[in-house]
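Morning, everyone. Please bring up the model on your screens, and we will walk through it.

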Amino acid sequence: LYKLGSEKAIDNSRLNEIIGAAKDLVQHLKHSGLQKEIKTTLKQEITTRWNSAVTMLKSILDNFEDIIAKLVAQNEMRFIIPIDKQQLTDIVEFMEKIKECSEQLSGDCAPTLRLVVPWYSSLQERNRVNNCDLLILKDFKKQFSKSLQEKWILTPVHYIAAFLHPQLKHLPFLLDTNKKKTYDDVKKIMLTLGIEDIEEVEDEEPPRKITTEFENYIAHSVPDCNNILDWWKNNKQNFPNYVNWLCSSYAYQLPKRLVKGCSQLQDAF
């Protein structure tokens, strides 16, 4: 995700200058032995490692005053001059949220498909340019937002996966139109599976509406849900059709080392 939005944004000469200066600073402090006199370890960017640039910038920010003191003593302030602390603070704060997003979405111990839409909405909200933003951050936000729209393609599967998480089922991060569309898509799928969304008792006048699994699921209180698969397993009797649907929806996205085929996920329930 960092590369998704930031590679183009780094074309911003000032941001590129800060990252380049940060790499030179870390290299100098490590090679000169000054790193040993700094409280915590400085991290160097590794091109092949995700999020290593923001990790590097954060390590500098955390030790900023200590680094300045060491450089002043060595008459080597030229290594820190290109790095403005306020600019560094704003960049790190913004990039850390991107880092958190990428780490959650790339997790391999639990399904993450449900997180795609909430994170997309969250990042787009953070991308809003504020009047008080520094110019460097404004430019970065604009480019990152553009890259998200171009590269991060959302499909009905992503919206439905969010709906299938009991704590996200009300889709508070969506506009009402998108929320309604997701609910309609869910109902269409249930009909395709042969499950009527609304049933009526024809022998009664007026016909009596029967509460469906969809309505029960929406109304069901969910105070906590640390593990989505455990929650659905424990609520299988309440939502049998949804559990069967969830098995087929989530099995394909679990790592092979955890689940080898849908049948094993079915066995878990």
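Ground rules. This is a predicted model, where local features need pLDDT of at least 70, side-chain atom pairs count only at pLDDT 80 or more, and totals for chains, interfaces and linings use all residues. Residues are numbered from 1 along each chain as its sequence is written, and side-chain values use heavy atoms, with hydrogens and water left out.

Helices here are DSSP runs of H or I, at least four residues, numbered from the N terminus. Two packed helices are described by the angle between their axes and the distance between the axes. Axes are lines fitted to C-alpha atoms, for helices over the stretch in contact, and angles run from 0 to 180 degrees between N-to-C directions.

Start with α5, residues 85-105, and α7, residues 135-151. Their axes come within 10 Å and cross at roughly 20°. That makes α5 roughly parallel to α7, the label for angles under 35 degrees.

Which residues of α5 and α7 make the contact? From α5 we have Gln87, Asp90, Ile91, Phe94, Met95 and Ile98. From α7 come Ile136, Leu137, Phe140, Lys141 and Phe144. Contact means heavy atoms within 4.5 Å. By class, this contact has eight nonpolar, one polar and two charged residues. For the classes, Ala, Val, Leu, Ile, Met, Phe, Trp, Tyr, Cys and Pro are nonpolar, Asp, Glu, Lys and Arg are charged, and the others, Gly among them, are polar.

Next, α3, residues 52-62, against α5. The angle is about 135°, with the axes 9 Å apart. That makes α3 oblique to α5. Here α3 passes α5 in a left-handed crossing. Contributors from α3 include Val54, Leu57 and Leu61, and those from α5 include Leu88, Val92 and Met95. This contact divides into eight nonpolar, two polar and four charged residues.

Stay on α5 for Ser102. Ser102 is buried, at 6% relative accessible area; buried means under 20%, exposed over 50%, partly exposed in between, with a 1.4 Å probe and protein chains only. The Ser102 side chain makes a polar contact with the side chain of Asn51, at 2.7 Å. A polar contact is a pair of N or O atoms within 3.5 Å; within protein, one must be able to donate a hydrogen and the other to accept it, and residues adjacent in sequence count only if both atoms are side-chain atoms.

Now α6, residues 116-126. How many of the 11 residues of α6 are buried? Eight, so α6 is largely enclosed by the rest of the structure. The cover includes α5, α7 and α8. One of the buried residues is Val116, with 10% relative accessibility. Beyond its neighbours within four places in sequence, Val116 is in contact with Leu105, Trp152, Leu154 and His158. Its C-alpha is 8.2 Å from that of Tyr159, 43 residues apart along the chain.

Last, backbone angles. Most residues other than glycine have a negative phi. Asn75 has a positive phi of about 55°. Asn75 sits in the loop between α4 and α5 and is exposed at 65%. Leu171 has a positive phi of about 50°. Leu171 lies in the loop between α8 and α9, and is buried at 0%.

Conventions:
Helix = DSSP H or I, 4+ residues; strand = E, 2+ residues; numbered from the N terminus. Parallel < 35°, antiparallel > 145°, perpendicular 65-115°, else oblique. Left-handed = near helix turned anticlockwise from the far one by under 90°.
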